[in-house]
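Subject: Structure handover

Hello,

Here is the structure for you to open. Notes on what turned up follow below.

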Amino acid sequence: MQRPFTGVRAVGLDLEAVLDRCRAYEPLLRQGDAFSHETAAGLYGLPLPSPSRSVHVLARIGSARPRSRGVTGHTTRTAVPIRVVHGLPVVPPAIVWCQLAASLRREDLGAVGDALVTGRRGGRNRASALATLDDLRGAVRTWGSGRGARNLAWALLRVRVGAESRPESLTRLLLVEHHLPEPIANDPTPVRAGLVLHPDLKWERWRIVLEYEGDGHRTSRSQWQRDIRRQRDFEAAGWAVIRVTSHDLFVDPADFVARVRDVIALRCRGS
């Protein structure tokens, strides 16, 4: 018998998973309450730097914040619309983005914004985006001078449609912050007859692509083989390939940016 919250007993739930934690808390929800902040972001599948173990719940207007072990309660001064996600009441995506501004660094807020306006791609199909840029602009106007307003203003100017992962967004933002031209995310790129690839980021001007290598690229032999074929296809079509790793983004970004500048310089001299 699981005891995820005071007064709640459950069986067979994966309490490490945000959806099951929310289902465990559901009997304690009051009318008008909704999952919010990091919890709502998890339900929407948004890319957070680390998962939140606490369940975030927004009380309906005029109600006291929920209080329970393992719960972070929030209140609001204005009515917030509610969506149903996986059968649960959840704050709308654009409002969740504003709520995250108080806890995320501005670059991660930008990555979440990219995810919101870019529908998930499954094979050749892409799902509808969770929000539009206009949705985000409207939410920021309503948020006003609330917590994280400065981070929201910074991120809103830098949200782009196209990025399909947090590292892609962080790479783009890092390069732009170091005064390099902004690369394009996942732009269709023909490399040979009948084959069009979507590089994580690219500069058409210099025919340079940047490809992020996550742990799956390192530990999966099949993924590794696909990466090699992909790089060969790009290079055969005249593109320079820069591989990006977590070390580049989080440990030594200065060295990574310098390496990128060197590749750009070489391509300029060769053109």
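**Helix 2**

The buried residues of helix 2 are H37, E38, T39, A40, A41, L43 and Y44. Buried means under 20% relative accessible area; exposed is over 50%, and partly exposed is in between (1.4 Å probe, protein chains only). That makes seven of the eight residues in helix 2, so the helix is mostly covered. Just after helix 2, G45 takes a positive phi of about 75 degrees. Helices (H or I, at least four residues) and strands (E, at least two) are DSSP runs, numbered from the N terminus.

**How to read the model**

This is a predicted model: local features need pLDDT of at least 70, side-chain atom pairs count only at pLDDT 80 or more, and totals for chains, interfaces and linings use all residues. Residues are numbered from 1 along each chain as its sequence is written, and side-chain values use heavy atoms, with hydrogens and water left out.

**Overall**

The protein has 11 helices and 13 strands. Its C-alpha atoms fill a box of roughly 65 × 45 × 35 Å along the principal axes. Of the 271 residues, 45% are buried. Among contacts (heavy atoms within 4.5 Å) with a separation of 6 or more, 54% join residues 24 or more positions apart. The accessible surface comes to about 14,400 Å², and 51% of it belongs to carbon and sulfur atoms. Areas come from the Shrake-Rupley method with a 1.4 Å probe; for residues, only the protein chains shown count as cover.

**Pockets**

A pocket is an open set of points on a 1 Å grid over the protein atoms alone, where a 1.4 Å probe fits, with protein on both sides within 12 Å along at least five of seven lines; lining residues have an atom within 4 Å of a point. Grid points are joined across faces, edges and corners, and a volume is the space filled by probe spheres set on the points.

The largest pocket holds about 720 Å³ of space. Its lining has 23 residues, with L58, T75, T76, Q99 and W143 nearest the centre. Helix 2 (37-44), strand 2 (55-58), helix 3 (93-100) and helix 5 (133-143) each give two or more residues to that lining. By type, the lining splits into nine nonpolar, 10 polar and four charged residues. Here Ala, Val, Leu, Ile, Met, Phe, Trp, Tyr, Cys and Pro count as nonpolar, Asp, Glu, Lys and Arg as charged, and the others, Gly among them, as polar.

The second largest pocket has a volume of about 400 Å³. It is lined by 20 residues, and E211, Q223, R226, D227 and R230 lie nearest its centre. Helix 9 supplies the largest share of this lining, seven residues.

**Aromatic pairs**

The structure holds three aromatic pairs. Rings of Phe, Tyr and Trp (its six-membered ring) pair if their centres lie within 6.5 Å; planes under 30 degrees apart count as stacked, over 60 as edge-to-face and the rest as tilted.

The rings of F5 and Y25 have centres 5.2 Å apart and planes at 80 degrees, so this pair is edge-to-face. F5 sits in the segment before helix 1 (18-25) and Y25 in helix 1, 20 residues apart. Both residues are buried. W203 and W206 also pair edge-to-face, at 5.6 Å centre to centre and 75 degrees between the planes. W203 is buried at 4% relative accessibility, and W206 at 11%. F5, Y25 and F35 form one aromatic cluster.

Best wishes
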